[in-house]
Amino acid sequence: MEYLLVIPGRLPGLNEYISAERANRYKAAKLKRESEDLVALAIRKCLHGVHIRRPVYMEYYWFEKDIRRDCDNIAFAKKFIQDALVQCSILKDDGRNYVVGFSDKFDVDKKNPRIEVLIREAEG
């Protein structure tokens, strides 16, 4: 089975998270919580009623509004996405027994920045 999660806009990257951590530990926690809340809204819209109990492989397709942010900085946000998937009971856990791998692709869409996550149940 395959499931598609589309998250509108963009999530904070690693640089933004580090900056928040350095400013105030509560600021970083708030940034993480707000990011997970945004992902949870998309989860409720795209994956309503889905509960995956098998291991998965995740394909991330990051559509940014421009090319300013580095790919590794952008992809840090998968932490927020996977934590929200567990929090919303879509995935049982995001450890290595449940998320067997992932890939990242990056593109620009000035009019519709978003994150598309294809969640594919792993073979076997």
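Contact here means heavy atoms within 4.5 Å. By that rule, residues 24 or more positions apart account for 85% of the contacts in the protein with a separation of 6 or more.

## Basis of the model

This is a predicted model, in which local features need pLDDT of at least 70, side-chain atom pairs count only at pLDDT 80 or more, and totals for chains, interfaces and linings use all residues. Residues are numbered from 1 along each chain as its sequence is written, and side-chain values use heavy atoms, with hydrogens and water left out.

## Overall build

The protein has four helices and four strands. Both kinds of element are DSSP runs numbered from the N terminus: helices are H or I with at least four residues, strands are E with at least two. From the N terminus on, the order is β-α-α-β-α-α-β-β.

The C-alpha trace spans about 45 × 30 × 25 Å along its principal axes. The radius of gyration is 14 Å, which agrees with the value near 14 Å for a compact globule of 124 residues. This radius is taken over C-alpha atoms, and the globule rule is 2.2 Å times the number of residues to the power 0.38. Of the 124 residues, 39% count as buried. Buried means under 20% relative accessible area, exposed over 50%, and partly exposed in between, with a 1.4 Å probe and protein chains only.

## The sheet

Four strands form an open sheet in the order S1-S4-S2-S3, with mixed pairing. Two strands pair if DSSP finds at least two bridges between them. S1 and S3 (99–108) are the edge strands, each pairing on one side only. The twist averages 15° from one strand to the next.

S1 and S4 are antiparallel and share seven bridges. Here Ile-7 has Ile-115 of S4 as its bridge partner. S2 and S4 are also paired in the antiparallel sense, over eight bridges. Tyr-61 is partnered with Glu-116 of S4. S2 and S3 run parallel and are joined by nine bridges. Phe-63 is partnered with Asp-107 of S3.

## Helices

H1 (residues 14–23) and H2 (residues 25–46) pack at an angle of about 145°, their axes 5 Å apart. H1 contributes Glu-16, Tyr-17, Ala-20, Glu-21 and Ala-23 to the contact, and H2 contributes Arg-25, Lys-27, Ala-28, Leu-31 and Lys-32.

H4 lies across S1, S2, S3 and S4 and runs at about 130° to S2. Axes are lines fitted to C-alpha atoms, for helices over the stretch in contact, and angles run from 0 to 180 degrees between N-to-C directions.

## The nonpolar core

In soluble globular proteins, nonpolar side chains tend to be buried together. The largest nonpolar core here has 31 residues. Such a core is a set of buried Ala, Val, Leu, Ile, Met, Phe, Trp, Tyr and Cys residues joined through side-chain atoms within 4.5 Å. Leu-5, Leu-47, Met-58, Ile-81, Leu-85 and Ile-119 have the most contacts inside the core. S1 (2–8), H1, H2, S2 (56–64), H3 (71–75), H4 (78–87) and S4 (114–121) each supply at least two of its residues. H2 gives the largest share, five residues.

Leu-85 touches Leu-5, Ile-43, Leu-47, Met-58, Ile-90, Leu-91 and Ile-119, not counting residues up to four places away in sequence.

Most residues other than glycine have a negative phi. Ser-89 has a positive phi of about 65°, although it is not a glycine. Ser-89 sits in the loop between H4 and S3. Its relative accessible area is 33%, so Ser-89 is partly exposed.
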